[in-house]
Amino acid sequence: MISDLTPAMSQLISTIGESIDGRAASTDGAAADVAHVLGSFLPHGGLLTAAQSAPDPQRYRQHLIYGDPGGAFSIASLVWLPGQFTPIHDHVCWCVVGVLKGWEHETRFITDANGANPVPVSHSINTEGSTSVANPPVDVHQVANRSGDTAISLHIYGCDLQALKTSIRRVYDPPLPA
């Protein structure tokens, strides 16, 4: 455990653990199962403490909430003030995102044969209550808060963020403004 947990977060953690128990977190079905579990918790709220929902005035903020003792998954909240965005990046593992508050604009990219020069191929608006899944190696994206209000999302990663310190495998240049 990394920080204080609400009762709803404790239940989410338990349910995720049960859903991937006995399987390697890297299996294809793990992310889909976790997305289903997270989607069932989003409408009820109460997942985060006030501290886990606090923004940073300079950049989007990640709060590491939980790390599975066996390293199977980690949970973080990301808090975005208006205009904040990630660089274009990909991940070391699968990621399931659920939007708790507001909405996020996501741009997905493809890269050339050398894994460079990202080109945008799609845009989506991830609204409150929605879930999405990113599975390497086709997970190059950029996320931004283009709204006028704070956005908060919950990210569940199929890796040990305590050990890795980040889920980002690679940041692509140039980072485009959101």
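**A close look at one residue**

Reply: Val-143 is found in strand E8; helices (H or I, at least four residues) and strands (E, at least two) are DSSP runs, numbered from the N terminus. The model is predicted, so local features need a pLDDT of at least 70 and side-chain atom pairs count only at pLDDT 80 or more, while totals for chains, interfaces and linings use all residues. Residues are numbered from 1 along each chain as its sequence is written, and side-chain values use heavy atoms, with hydrogens and water left out.

Val-143 counts as buried because its relative accessible area is 7%, where buried means under 20%, exposed over 50% and partly exposed in between (1.4 Å probe, protein chains only). Leaving aside residues up to four places away in sequence, Val-143 touches Trp-80, Gln-84, Phe-85, Thr-86, Glu-104, His-105 and Glu-106; contact means heavy atoms within 4.5 Å. Glu-106 lies 37 residues from Val-143 in sequence, yet their C-alpha atoms are 4.5 Å apart in space. For the chain as a whole, 78% of the contacts between residues at least 6 apart in sequence join residues at least 24 apart.

On a 1 Å grid over the protein atoms alone, a cavity is a set of points where a 1.4 Å probe fits but cannot get out, whereas a pocket is an open set with protein on both sides within 12 Å along at least five of seven lines; lining residues have an atom within 4 Å of a point. A search of the whole structure finds one cavity of 30 Å³ or more. The largest cavity holds about 80 Å³ of space, a volume being the space filled by probe spheres set on grid points, which are joined across faces, edges and corners. Its lining includes Val-143, Glu-104 and Glu-106, together with Cys-95, Val-97 and His-155. Strand E4 (95-101), strand E5 (103-110), strand E7 (131-134) and E8 each give two or more residues to this lining. By class, the lining has five nonpolar, four polar and three charged residues. Here Ala, Val, Leu, Ile, Met, Phe, Trp, Tyr, Cys and Pro count as nonpolar, Asp, Glu, Lys and Arg as charged, and the others, Gly among them, as polar.

The nonpolar cores give a wider setting. A nonpolar core is a set of buried Ala, Val, Leu, Ile, Met, Phe, Trp, Tyr and Cys residues joined through side-chain atoms within 4.5 Å. The largest has 25 residues, and Phe-73 and Ile-75 are among those with the most contacts inside it. Helix H1 (7-20), helix H2 (28-41), E1, E2 and E9 each give two or more residues to this core, and H2 supplies the largest share, seven residues. Val-143 belongs to a second, separate core of 13 residues, which also includes Ala-76, Trp-80 and Val-97.

E8 takes part in an open site as well. The largest pocket has a volume of about 220 Å³. Strand E2 (74-80), strand E3 (89-91), E8 (141-144) and strand E9 (151-157) each give two or more residues to its lining. This pocket is lined by 18 residues, with Tyr-60, Gln-62, Leu-78, Tyr-157 and Ile-168 nearest its centre. The lining divides into eight nonpolar, eight polar and two charged residues.

Lastly, the whole chain contains three helices and ten strands, and 42% of its 178 residues count as buried.
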